Amino acid sequence: MPDSTLGLTEMAYSLAASGRQTEARQILGRLEERSKSAFVPLYNMAVVHIALKDNEVAMRYMQQAFKNREWPMLVLAEEPRVDPLRKDPRFQEILAELKLK
């Protein structure tokens, strides 16, 4: 389902991770537009921004996802895509709050 929120997220992540940032940002724009009328997990937005190497924006999305109690937060301890954020004290704080540390 390439037009699903998950499909768009995975496509944007994959494109960004492979260096195709312009295409990834176009898909990210679709997700941002969709979020105005439907639920798009902020966690998904964070993951795409990580692949775009925009860790500061990713961290802000991750903090908000934590505040919103989004279910993907339960996989933070094992999710390899979030590795670029692991050393950030704010990320460590989230893990500690979730008791995943």
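Predicted model: local features only at pLDDT ≥ 70, side-chain atom pairs only at ≥ 80, totals over all residues.
Ground rules first. I number residues from 1 along each chain as its sequence is written, and side-chain values use heavy atoms, without hydrogens and water. Local features need pLDDT of at least 70 and side-chain atom pairs 80 or more, while totals for chains, interfaces and linings use all residues.

**Helix H2.** Which residues of H2 are buried? I found Ala24, Ile27, Leu28 and Leu31 (buried is under 20% relative accessible area, exposed over 50%, with a 1.4 Å probe and protein chains only). They sit on the same side of H2, because they cover an arc of only 105° around the axis (taken from the directions from the axis to the C-beta atoms). On the other side, Thr22 and Gln26 are exposed. H1 and H3 are among what covers the buried residues (contact is heavy atoms within 4.5 Å).

**Pockets.** Next I looked up the linings (residues with an atom within 4 Å of a pocket point; a pocket is an open set on a 1 Å grid over the protein atoms alone, where a 1.4 Å probe fits, with protein on both sides within 12 Å along at least five of seven lines). The lining of the largest pocket includes Leu6, Phe39, Trp71 and Arg81. Helices H1 (5-17) and H3 (42-51) each supply at least two of its lining residues. Trp71 also turns up in the lining of the second largest pocket, together with Phe66, Met73 and Glu97, among others.

Terms used: Helix = DSSP H or I, 4+ residues; strand = E, 2+ residues; numbered from the N terminus.
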